[in-house]
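Reader: Could you take me through the aromatic rings in this one? I'd like a close look at how they pair up and what sits around them.

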Amino acid sequence: VQQLVESGGGSVQAGGSLRLSCAASGYMYSSRCMGWFRQAPGKEREGVATIYTRDGSTYYAGSVKGRFTISQDNAKNTVYLQMNSLKPEDTAMYYCAADGGRLGGYCSTTAIYEYNYWGQGTQVTVSS
């Protein structure tokens, strides 16, 4: 069973930066989709950025493209989300997620049901 633990959330002023980390442990396929999703109070969970661990292909939601960067360190089984130029609307609980493994394909930021494993979340608060 794959376990995911997020860290790095916090409070920051608009325009600031934060880096989130997601450490994966347990049995997992080396080729899988991992990603960051977020949920603000009263809103549905939405995808932010995903990465295919086999070749490092990345995918972003339009709202964060150019500001956020997802990356991985395979030796540490860790995925990162570098968030720059943060806006108050980025305030949310951020979750790390992973699917069960795949050989190729697109790591969707919208098909949340494809992700079987979830972390407990880390809060990001951006003040204006």
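Author: Searching the whole structure turns up five aromatic pairs; rings of Phe, Tyr and Trp (its six-membered ring) pair if their centres lie within 6.5 Å, and planes under 30 degrees apart count as stacked, over 60 as edge-to-face and the rest as tilted. One of them is Tyr-27 with Tyr-29, edge-to-face at 5.8 Å centre to centre with 70 degrees between the planes. Bear in mind that this is a predicted model, where local features need pLDDT of at least 70, side-chain atom pairs count only at pLDDT 80 or more, and totals for chains, interfaces and linings use all residues. Residues are numbered from 1 along each chain as its sequence is written, and side-chain values use heavy atoms, with hydrogens and water left out.

Tyr-27 is exposed at 59% relative accessible area, while Tyr-29 is partly exposed at 48% (buried is under 20%, exposed over 50%, partly exposed in between, with a 1.4 Å probe and protein chains only).

Tyr-59 and Tyr-106 also pair edge-to-face, 4.6 Å centre to centre and 90 degrees between the planes. Tyr-59 lies in strand β6 (residues 58–60) and Tyr-106 in the loop between β9 (92–98) and β10 (117–118), so this pair ties together parts 47 residues apart in sequence. Strands here are DSSP runs (E, at least two residues), numbered from the N terminus. Tyr-106 is partly exposed, at 49%.

Then there's an aromatic cluster made of Phe-37, Tyr-95, Tyr-115 and Trp-118. The charged end of Arg-45 sits over the Tyr-95 ring, 3.9 Å from its centre (that takes NZ of Lys or CZ of Arg within 6 Å of the ring centre and within 35 degrees of the ring normal). Arg-45 also lies over the face of Trp-118, 4.8 Å from the ring centre.

Key. Helix = DSSP H or I, 4+ residues; strand = E, 2+ residues; numbered from the N terminus.
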